[in-house]
Amino acid sequence: MRPASALLAPALLAATTASVLAFPVTVESCNRQVTFEAPPTRAVSNDVNLTEMMLALGLADSMAGYTGVSEWVKLDERLRESTGALPELSPDYPTKEVLLGADADFYFAGWNYGMRVGGEVTPDTLAAFGIKVYELTESCIHIMEKPKASMEDMYNDLLNLGRIFGVEERAEALIADYRQELADFIASLPTAQTAPKVFVYDSGEAKPFTAGRYAIPTALIEAAGGINIMDDVESSWLEVGWEPVIARNPDVVVIVNYGQVTAEEKITFMRENAAFKDIPAVVNDRFVVLDYVEATPGPRNIEAIKRLAAAFLPS
Amino acid sequence: MSHKHLAGPRHAVLHNLPLLAAGLIVLLVTVMIAGVSVGAIGIPPDVVWSVIASHFFPGSVEVTWSTGRDSIVWEVRLPRVMLAAIVGASLAIVGAALQSVTRNQLADPHLLGISSGAALGAIVVLLHTGLFLGLATVPLFAFIGALATTIIVVGVANLANATNASRLVLTGVAISFVITSLGSLGIFLGDPRAAHTVIFWMLGGLGLAQWAQLPYPLLALAACGTYLLLNARNFNAMTLGDESATTLGIPAGRFRMIVFVVCALLTGAAVAFSGIISFVGLMIPHLVRLVVGGDYRRVLPLSALVGAIFLVVADTVARIIIPPQDIPIGIITGLAGGVFFVMLMRRRSNAG
């Protein structure tokens with residue numbers, strides 16, 4: 001034991017010194033440059049997926065709490081374990097008072113993931129109180145031009161969080177693991193199949209709410225070997241009519257599961273509606289269910305891609 | 001007069017404007033203090049007082065609280081309570097003035113298209129252009145929208161010779177429908193996931209209040225309010241009808257248009273910072289007239305004070321009813337307004 005711990009101490013010292021020397025660090029958050037003199041110690045993250053990203057990097061000790069979960073998404077069992085004693089400061093988006101009351105010094109959120117354009121809590125309004133904000137990359141589309149959604153967005157966020165909290169090596173290791181896991185999985189699948197056409201069904205009966213080019217499900221579907229039928233629509237999440245859905249003949253339907261209407265109810269709706277009877281997905285009964293936390297950027301995306309890839313295999 | 005049944009000392013009090021105003025000012029200060037003391041985060045009253053004292057008299061109090069709590073009291077709650085008072089007073093006095101010159105009991109600041117114009121400005125900024133001028137963008141464009149709509153209404157009213165009371169209201173309503181539809185088009189063409197951003201703005205909220213922005217609505221209230229108060233006698237004459245007003249030496253049509261523009265400026269300045277808060281302008285003048293009668297020399301200043309008190313209380317309720325969340329204030333005022341009108345109708349049916 002002694003020789004091992006003798007090696008451990010200097011290694012830890014080296015690692016800590018290395019991360020300390022990395023400061024001050026500047027990261028790019030949407031269209032802003034944010035500089036950190038030291039890692040935040042009272043961070044707040046909003047929404048399940050962003051909180052999971054923080055926890056995946058082992059940052060629970062640097063957090064003051066999280067927000068925006070129990071109002072409309074059921075807290076997952078695994079997340080409940082990881083959060084431990086971290087309080088939920090607000091069931092919905094936090095107000096300035098909530099963040100100040102927690103003495104927060106960092107807020108990890110996104111546009112429509114904890115902040116609203118022109119709303120009470122934005123990087124500009126929080127800057128006056130010394131609360132730095134890092135914005136979820138996928139959500140930047142709401143305030144600026146951005147390329148199509150991809151898994152790189154999520155890796156980029158993890159890397160930036162690693163830099164901000166001085167755990168860059170941990171972040172790089174995590175990202176490398178994810179990449180490897182995905183690559184291995186894709187390699188294990190039978191090759192040379194035509195990419196199935198996929199329709200993302202979030203909600204809505206008169207008109208469906210679906211994911212367009214800039215929403216992360218497009219990236220997940222492509223990583224799993226499919227094509228989102230709406231990936232030519234220059235939008236993030238949007239409402240379309242049923243006609244384009246029927247016209248584009250999806251082979252698989254991905255249901256996003258959250259809220260009051262269950263996935264079963266959504267599947268039943270599509271099965272029973274006469275207008276959809278000729279859609280290949282309905283005819284062959286090819287439905288996949290993704291939980292909300294899997295269909296929004298975060299560590300669960302990896303499992304989501306695996307499940308999608310398995311469902312895309314010809315039956 | 002509504003208070004004919006009162007006699008003696010009570011009657012005298014209701015006609016004693018300085019006494020009433022002083023009483024209401026005391027009440028206003030009380031509710032403002034209460035508003036600053038409560039909120040989502042529980043802060044003991046002695047800390048609240050110490051924070052305020054330490055800002056007014058730096059160095060007089062030993063700092064035992066965190067900067068977070070200091071910011072909550074001084075940068076979040078206090079500007080918010082002040083904005084509530086300013087906006088409440090603005091909307092109420094505008095409501096009283098418009099109800100007089102249009103001789104329409106249901107006239108309020110939002111009726112004549114001003115607020116739809118402000119909403120259109122906000123929608124364009126929030127959903128399409130983005131905040132390219134920083135935090136000032138939404139208030140600026142909301143104000144420009146309100147102003148542009150006012151110019152359109154005045155222009156159309158003059159062109160269509162619709163400067164008499166009822167036709168001005170019709171013109172305002174018509175333009176309001178057009179502008180509202182354009183606003184809805186703006187929402188439809190924008191990112192649907194961001195549509196709730198606009199909904200929150202339109203439901204009204206005082207969460208964006210900052211010290212730096214307070215001078216604007218305050219200046220508007222001071223300037224426009226002074227004009228309205230100085231012309232209080234003219235409002236009394238206007239309630240008698242255009243012909244009677246003219247024989248008393250007031251150019252009725254022109255006065256109406258001027259008042260409309262002044263009210264539009266004041267409403268625009270208020271709405272630009274708070275979103276659309278319904279019922280204050282409609283309900284408060286009725287409430288005040290019920291108690292002190294129809295003399296606008298009393299109704300105007302007292303509406304302003306009661307409006308301020310009402311909105312401060314509504315904002316406090318919005319912040320503490322389901323903590324730590326902050327209900328859009330338009331919901332609270334709408335509910336209160338609805339209940340008030342039902343009670344008003346019951347009272348009228350009992351009396352009449």
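In this predicted model, A:Asn249 sits in the loop of chain A that runs between α9 (242–247) and β13 (252–257). Although A:Asn249 is not a glycine, its phi is positive, at about 50°. The residue is partly exposed, because 13 other C-beta atoms lie within 10 Å, while a residue counts as exposed at 12 or fewer and as buried at 20 or more.

**Loop residues in both chains**

A positive phi in a residue that is not a glycine is also found at B:Arg103, where the angle is about 45°. B:Arg103 belongs to the loop between α4 and α5 of chain B, and with 17 C-beta neighbours inside 10 Å it counts as partly exposed. A:Gly130, in the loop between α5 (123–127) and β8 (132–135) of chain A, counts as exposed, because it has 12 C-beta neighbours inside 10 Å. The C-alpha atom of A:Gly130 is separated by 52 Å from that of A:Thr194, the two residues being 64 apart along the chain.

| Residue | C-beta neighbours inside 10 Å | Class |
|---|---|---|
| B:Arg103 | 17 | partly exposed |
| A:Gly130 | 12 | exposed |

Another backbone feature of chain B is the peptide bond from B:Pro323 to B:Pro324, which is cis, with omega near 0°. B:Pro324 is placed in the loop that links α14 (296–320) with α15 (329–351) of chain B.

**The fold of chain B**

The secondary structure of chain B consists of 15 helices and zero strands. Along the principal axes, the C-alpha atoms of chain B fill a box of roughly 65 × 60 × 35 Å. Of the 352 residues of chain B, 49% count as buried. When contacts in chain B between residues at least 6 apart in sequence are considered, 77% of them join residues at least 24 apart.

**Where the chains meet**

Which elements of chain B supply at least two residues each to the side that touches chain A? The contact between the chains involves 27 residues of chain B and 26 residues of chain A, and on the chain B side α4 (67–101), α5 (114–129) and α8 (195–203) each supply at least two residues. The largest share of that side, four residues, comes from α4(B). By residue class, the side of chain B that touches chain A divides into 15 nonpolar, nine polar and three charged residues.

**The two domains of chain A**

Chain A is assigned two domains, domain 1 covering 2–177 and domain 2 covering 191–312. The contact between them takes 20 residues from domain 1 and 18 residues from domain 2 of chain A. On the side of domain 1 that touches domain 2, the elements giving two or more residues are α2 (48–56) and α6 (151–164) of chain A, and the largest share, six residues, comes from α2(A). The residues on that side of domain 1 comprise eleven nonpolar, two polar and seven charged.

Notes:
Residues numbered from 1 in each chain as written. Chains lettered and ligands numbered in written order. Predicted model: local features only at pLDDT ≥ 70, side-chain atom pairs only at ≥ 80, totals over all residues. Contact = placed C-beta atoms within 7 Å. Nonpolar A, V, L, I, M, F, W, Y, C, P; charged D, E, K, R; others polar. Domains from an automatic or database assignment.
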